[in-house]
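Me: I would like to learn how to read a structure. Please take me through a few features, one at a time.

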Amino acid sequence: MRADDRWFLLAVWVYSSEIMKSLLTSFICILIYGMIGAGVVCAEDTPANALLVLAKKDNTLAIVNPSTLKVIAKIAVGNDPHEVIGSADGKTAYVSNYGSGAYNTLAVVDLISQKALPSVDLGPLRGPHGLDFVGGKVWFTAETAKAIGSYDPATKTVDWILGTGQNRTHMIYVATDMKLIVTTNVSSGTVNIIEKTMGGRPGQADWDETVVRVGSGSEGFDVSPDAREIWVANAGDGTVSIIDLARKQITQTLAADVAGANRLKFTPNGKLALISTLRGPDVTVIDAATRKTIKRIAVGHGAAGIAMQPDGTRAYVACSPDGYVAVIDLHSMEVVGHIEAGQNPDGLAWVIRH
C-alpha cells in the first residue's frame with residue numbers, strides 16, 4: 001500500500017471516529033434529557049425537608065423540593081401505589097401497593113440515594129393501604145385480610161398482626177407510645193379504637209378493640225393534635241363524625257356537605273380541619289372550635305391526599321383528576337402554586353431528615 005493511501009485511510013478513520021463520538025454524545029444528551037423529562041434522573045440531592053408524592057398511574061414516587069416546588073427525582077415503586085410514609089430519620093420511604101387486594105407488598109425507597117430497595121412481601125396480608133411509622137416500625141392496614149400489622153425494618157419481618165373484623169380497613173393512626181391505634185373501615189362505616197392493655201397472661205400485653213359506628217363510607221380521618229377527638233369524613237353521607245376518644249362515643253355529626261370525602265387532616269395547631277373530596281372542586285375548611293365550615297377552596301376537579309407542612313404555613317392537596325398537587329397557603333387560604341408530580345397523584349407525606 002502506498003504511503004498516500006495509508007494517510008487517506010487514517011484520515012477517513014479519524015473522521016469517522018469523530019462522527020461516531022459526536023453521534024454518541026448527541027445520543028447520550030438526548031437520553032439524559034428524556035430521562036430528566038420523565039423525572040427518573042436525580043437532578044439534585046434530597047433536601048432535609050421534602051414532600052413525597054405518589055403518582056398512581058405512573059407507579060412512581062416523586063421527591064419534591066418544597067422551597068422550589070420542583071420534582072427532583074422520581075423512583076419506580078411497583079403497581080398501584082396508594083399511600084406513602086417516611087421513616088423517623090427521614091432517610092427511607094415505604095409505599096403500599098394496594099390493587100384493591102390484588103397486591104401484597106410494600107415498596108421501599110432510599111431517599112438519600114434516590115433509588116428503590118427490595119420490596120417487603122406481606123404474604124397473605126393482601127391489600128395493604130394505610131401507613132404510619134412509629135417506634136421504628138411501619139404500621140399498615142391489610143384490607144383483604146381484615147387486619148392491621150407492623151413491619152420491623154431492623155429484622156425485616158412482619159412482627160405483629162391483629163384482626164379488625166371489619167370490611168375495608170383502610171387508614172391507620174398509631175399513637176407515639178404505641179398504646180392506641182385507630183382505623184377507619186370504609187365498607188362497614190365504622191372506626192376501630194384499639195388500646196393496648198395488660199390483660200391476658202401475667203406480664204403479657206393484650207389489645208381491646210371498640211368498634212364505633214360512624215357514617216357510610218368512613219375513610220379519611222385524623223386524631224386532633226391534643227389527642228381528645230377523632231374526626232371522620234364519611235364519603236357516602238357527606239358528614240363528619242366527631243368521636244370523644246376518652247368515652248369512645250360520637251359527640252357530634254357535622255352536616256359538612258363533603259360527599260365523596262377522601263381525606264381529613266388537622267392543621268398542626270389543631271385549629272382547622274381540611275377535607276378533600278373526589279367528587280367536587282373544593283377543599284372544605286372547618287373551624288375546629290366552632291365546628292363551622294369557614295371556606296371552600298377551589299383546587300381543581302377532585303382531590304385526594306392531604307399533607308400538612310409541619311410549620312403550619314402550607315397544605316398540599318393531591319388533585320388526582322388534574323394531575324397536580326395544589327399548594328395552599330394556610331394564612332390566606334388560597335392556592336399559591338401547583339406541583340406537576342405525575343399522573344393521578346394521591347398519597348402524600350412530609351419527611352424530615354435527622
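Reply: Begin with the strand labels: helices and strands are DSSP runs, numbered from the N terminus. The model shown here is predicted. Asparagine 234, for instance, has its place in strand E17.

Me: Is asparagine 234 buried or exposed?

Reply: Buried means under 20% relative accessible area. Asparagine 234 has a relative accessibility of 0%, so the residue counts as buried.

Me: What does the side chain of asparagine 234 make a polar contact with?

Reply: Its partner is the side chain of serine 241, at 3.0 Å. Leaving aside neighbours within four places in sequence, asparagine 234 is also in contact with other residues, among them Val214, Gly215, Thr239 and Val258.

Me: How should I read a salt bridge, and how many salt bridges are there?

Reply: Side chains of opposite charge can pair when their charged atoms come close. The rule asks for a Lys or Arg side-chain nitrogen within 4 Å of a carboxyl oxygen of Asp or Glu. By this rule the count is 9 salt bridges. One of them joins arginine 291 and glutamate 229, with 2.7 Å from N to O. This pair links distant parts of the chain, 62 residues apart: glutamate 229 is in strand E17, and arginine 291 is in the loop between strand E22 and strand E23. Glutamate 229 counts as buried, at 18% relative accessibility.

Me: Which parts does the salt bridge between lysine 295 and glutamate 334 tie together?

Reply: The side chains of lysine 295 and glutamate 334 meet at 2.8 Å, N to O. Lysine 295 lies in strand E23 and glutamate 334 in strand E27, so the bridge ties together parts 39 residues apart in sequence. Lysine 295 is partly exposed, with a relative accessible area of 26%. Glutamate 334 is partly exposed as well, at 40%. Salt bridges can also share partners: Glu83, Glu219 and Arg263 are joined in this way into one network.

Me: What volume does the largest pocket have, and which residues are closest to its centre?

Reply: The volume of the largest pocket is about 1,300 Å³. There are 43 residues lining the pocket, and Ile85, Asp132, Tyr173, Asp222 and Lys265 are the closest to its centre. The elements that give two or more residues to this lining include strand E4, strand E8, strand E12 and strand E16.

Me: Which element gives the largest share of the lining, and how do the lining residues divide?

Reply: E28 gives the largest share, 6 residues. The lining divides into 26 nonpolar, 11 polar and 6 charged residues.

Conventions
Residues numbered from 1 in each chain as written. Predicted model: local features only at pLDDT ≥ 70, side-chain atom pairs only at ≥ 80, totals over all residues. Heavy atoms only, no water. Helix = DSSP H or I, 4+ residues; strand = E, 2+ residues; numbered from the N terminus. Buried < 20%, exposed > 50% of the residue type's maximum accessible area, 1.4 Å probe, protein only. 1 Å grid on protein atoms, 1.4 Å probe; cavity = no way out; pocket = protein on both sides within 12 Å on 5 of 7 lines; lining within 4 Å. Points joined across faces, edges and corners; volume = space filled by probe spheres on them. Nonpolar A, V, L, I, M, F, W, Y, C, P; charged D, E, K, R; others polar. Polar contact = N/O pair within 3.5 Å; in protein donor to acceptor, adjacent residues only side chain to side chain. Contact = heavy atoms within 4.5 Å.
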